Amino acid sequence: MEQDVESPVMIQQPKLPKQAREDLPKHISKVCTKRKIQRYVRKDGKCNVHHGNVRETYRYLSDIFTTLVDLKWRFNLLIFVMVYTVTWLFFGMIWWLIAYIRGDMEHIGDNTWTPCVSNLNGFVSAFLFSIETETTIGYGYRVITDKCPEGIILLLVQSVLGSIVNAFMVGCMFVKISQPKKRAETLVFSTNAVISMRDGKLCLMFRVGDLRNSHIVEASIRAKLIKSKQTKEGEFIPLNQTDLNVGYYTGDDRLFLVSPLIISHEINQQSPFWEISKDQLPKEELEIVVILEGMVEATGMTCQARSSYVTSEILWGHRFTPVLTLEDGFYEVDYNSFHETYETNTPSYSAKELAEMASRAELPLTWSVSSKLNQHADLETEERGKNHEDQTERNGDVANLENESKV
């Protein structure tokens, strides 16, 4: 029993809400930190989120077109076949009932009888006539006569409904086929992200590339930091999203993606990585989600490719290997080195610590406004003191001269 009490497994952790898990005792939190980080977005770009306990399922039916497009191919094809088959069977049954009620089945072969549909002698022939009517395939054997007004009305109804079904199902299949999801398969992200110095500043970088010769039009890149946080009031916000500036103000986030590009995030005071050092980075539970958007040049449809980086995939003190070389009259991209990195001399301090060390190093060489004002005040004080001493000396000399003249 003592072992059961001391074991952290027996603590009633599941009964606590998710928001309160960070408030557990320290020995339990240490056990939880050893677990593998759960991705919010997988490397292939698919979101690792499942919707549960959705009670308002009628909303899916209110947008039936999008629901059908989002279905998997096997279900989409099954619904496509079933819709047409049920429609043909339904109207075939009505054609057979009209012929049966009018007595056409009892006058088969009677040349003096005018049926509703010529050469309709059973349900199979009625089913075939329904297919011919809806698909506008006329073989010339079965044809409706002018002595059947109910048949004419049914013909109009089936023609209109058949056109609606064709437009709906064909449109659904066309959108399903032309979806730009497969275009995102040729947009690649580097396996790892790196942190190193660039132009004297600590930067977080990753690489993107396009494998196709047809380019992405109006391509833009975004990056978000996914990390849980707790506010000053004690509110726990799971998977909080924070924007990472990858050139929004300078226009570097709008890409001309002809060759692979290295996307850089400068770690400054506005960056979430401002106080994170090399030793502290493996202890952080965070994820960087990168999103590349643009229009497919061939179809004009918007395409989006996603990927993510967890802390184990962020290499401190590395740079990407160059992949672009100049050949005879053209540039060649070597995608074998697309994911490769090499080590470089990078300080292990955080950007904040580097800024503080740089400010301390430059302090003796720089003069602030206040120091200059103090310097001027000291100079004025010294000058006043010197003037006072000179005046005293002069007064003393004058007094001595007066004494000597009196004597």
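Analyst: Let's start with Thr186: setting aside neighbours within four places in sequence, Thr186 is in contact with Gly209, Asp210, Leu211 and Arg212. Keep in mind that this is a predicted model. Thr186 sits in the loop between α7 (149-177) and β1 (187-189). Is Thr186 buried or exposed? Its relative accessible area is 15%, and the cut-off for buried is under 20%, so Thr186 counts as buried.

On the α6 side the meeting residues are Ser130, Thr133 and Glu134, while α7 brings Leu155, Gln158, Ser159, Gly162 and Asn166. Sorted by class, that contact has 6 polar residues, 1 nonpolar and 1 charged.

Now for the other partner of α6 (residues 123-134), which is helix α5 (residues 73-102). Here the axes lie 8 Å apart and the packing angle is about 120°, so α5 and α6 are oblique to each other. α5 passes α6 in a right-handed crossing too. From α5, the contact uses Tyr84, Thr87, Trp88, Leu89, Phe91, Gly92, Met93, Trp95 and Trp96; from α6, it uses Phe123, Ala126, Phe127, Phe129, Ser130, Ile131 and Glu134. The class count for α5 with α6 is 12 nonpolar, 3 polar and 1 charged. Ser130 and Glu134 of α6 take part in the contact with α5, and Ser130 and Glu134 also meet α7.

Strand β4 (residues 216-230) pairs with β8 in the antiparallel sense over 9 bridges, and one of the bridge partners to look for is Met295 in β8, paired with Val217. β8 also pairs with strand β9 (residues 302-310), again antiparallel and over 9 bridges. In that pairing, Val289 has Ser308 of β9 as its bridge partner. β8 and β9 form a hairpin with 5 residues between the strands, and in this hairpin Gly300 takes a positive phi near 80°.

Terms used:
Residues numbered from 1 in each chain as written. Predicted model: local features only at pLDDT ≥ 70, side-chain atom pairs only at ≥ 80, totals over all residues. Heavy atoms only, no water. Pairing = 2+ DSSP bridges. Helix = DSSP H or I, 4+ residues; strand = E, 2+ residues; numbered from the N terminus. Axes fitted to C-alpha atoms, helices over the stretch in contact; angles between N-to-C directions. Parallel < 35°, antiparallel > 145°, perpendicular 65-115°, else oblique. Left-handed = near helix turned anticlockwise from the far one by under 90°. Contact = heavy atoms within 4.5 Å. Nonpolar A, V, L, I, M, F, W, Y, C, P; charged D, E, K, R; others polar. Buried < 20%, exposed > 50% of the residue type's maximum accessible area, 1.4 Å probe, protein only.
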